[in-house]
Amino acid sequence: GNSVTQMEGPVTLSEEAFLTINCTYTATGYPSLFWYVQYPGEGLQLLLKATKADDKGSNKGFEATYRKETTSFHLEKGSVQVSDSAVYFCALYSGGGADGLTFGKGTHLIIQP
Amino acid sequence: DGGITQSPKYLFRKEGQNVTLSCEQNLNHDAMYWYRQDPGQGLRLIYYSQIVNDFQKGDIAEGYSVSREKKESFPLTVTSAQKNPTAFYLCASSIARVGTGELFFGEGSRLTVL
């Protein structure tokens with residue numbers, strides 16, 4: 001079956017540091033890939049997505065590139081802010097309705113001033 | 001503004017009681033979902049519905065029930081048969097029945113069993 005593996009947290013960084021959160025996946029076919037973000041006490045929001053190999057998704061200074069050869073979709077940001085503190089979920093969708101959506105376990109990011 | 005509204009935000013329940021969590025959307029989305037979130041376990045699918053009057057079990061449906069009588073509403077009942085109901089529950093919707101993986105989430109309901 002499909003699976004998504006994320007680096008375990010919490011990840012603690014200082015403000016303005018460079019961020020990488022690793023995500024690798026296992027899936028049949030050609031899934032779409034997503035990063036969702038969950039701020040404290042809230043639901044998830046879509047942060048960015050990529051639907052085919054070599055696509056780069058970007059939003060709010062975050063980027064991730066769909067790497068089929070390494071089955072990865074790492075999230076990066078050049079300079080993080082305290083407001084980026086949240087839980088980040090990597091996910092894939094392989095089609096077929098709700099059963100085709102698989103989430104990683106989430107990575108808790110803490111940014112210190 | 002369009003969105004998904006979950007209520008209540010916090011709920012306390014005694015063991016043996018059923019509780020119902022409300023989820024309403026005004027996005028005109030066809031599909032709706034319920035997920036359970038536990039620390040360190042990510043999101044697990046409880047039930048989903050792709051159309052009014054139809055729904056399917058997800059990975060952890062035991063001890064839960066749902067209904068979809070209206071397109072806008074997808075309430076979740078946590079029954080006394082659910083052995084470990086304390087969790088954060090998230091409702092979501094998507095624009096199409098087939099789906100794209102792109103979900104819109106409510107702000108969640110935190111259930112605590114006393």
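Me: Why is Asp54(A) called exposed?
Reply: Asp54(A) has a relative accessible area of 53%. Exposed means over 50%, buried under 20%, and partly exposed in between (1.4 Å probe, protein chains only). The 53% of Asp54(A) lies over the 50% mark, so Asp54(A) is exposed.

Me: What kind of model is this?
Reply: This is a predicted model, where local features need pLDDT of at least 70 and side-chain atom pairs pLDDT 80 or more, while totals for chains, interfaces and linings use all residues. Residues are numbered from 1 along each chain as written, chains are lettered from A and ligands numbered from 1 in written order, and side-chain values use heavy atoms, leaving out hydrogens and water.

Me: Where is Asp54(A) found, and what is its phi?
Reply: Asp54(A) sits in the loop between strand 6 and strand 7 (56-59) of chain A. Strands are DSSP runs of E, at least two residues, numbered from the N terminus. Phi of Asp54(A) is near 75°, positive although the residue is not glycine.

Me: Which residue of chain B has a positive phi although it is not a glycine?
Reply: Asn28(B), with phi of about 60°. Asn28(B) lies in the loop between strand 3 and strand 4 (31-38) of chain B. Asn28(B) has a relative accessible area of 56%, so it counts as exposed.

Me: How many bridges join strand 5 of chain A to strand 10 of chain A?
Reply: There are 7, and strand 10 (residues 86-93) runs antiparallel to strand 5. Tyr93(A) is the bridge partner of Ser32(A).

Me: Why is one side of strand 1 and of strand 7 of chain B left without a neighbour in the sheet?
Reply: The open sheet has 4 strands in the order 1-3-8-7, with antiparallel pairing. Strand 1 (4-7) and strand 7 (64-66) stand at the edges with a single partner strand each, so one side of each has no neighbour in the sheet. Neighbouring strands of this sheet are turned by 20° against each other on average, direction ignored. Strand 1 joins strand 3 (residues 19-25) of chain B by 4 bridges. One such link pairs Ser7(B) with Ser22(B).

Me: Which peptide bond of Ser7(B) is cis?
Reply: The bond from Ser7(B) to Pro8(B), with omega near -5°. Pro8(B) lies in the loop between strand 1 and strand 2 (10-13) of chain B. In chain A, a cis peptide bond joins Gly9(A) and Pro10(A), with omega about 0°. Pro10(A) is in the loop between strand 1 (3-6) and strand 2 (11-14) of chain A.

Me: Why is Leu114(B) called exposed?
Reply: Leu114(B) has a relative accessible area of 63%, so it passes the exposed cut-off. Leu114(B) follows strand 11 (109-113) of chain B.

Me: Why is Gly63(B) called buried?
Reply: Gly63(B) has a relative accessible area of 11%, so it falls under the 20% limit. Gly63(B) is in the loop between strand 6 (54-57) and strand 7 of chain B. Contact means heavy atoms within 4.5 Å. Leaving out residues up to four places away in sequence, Gly63(B) touches Thr77(B), Val78(B), Thr79(B), Ala81(B) and Gln82(B).

Note on methods. Pairing = 2+ DSSP bridges. Axes fitted to C-alpha atoms, helices over the stretch in contact; angles between N-to-C directions.
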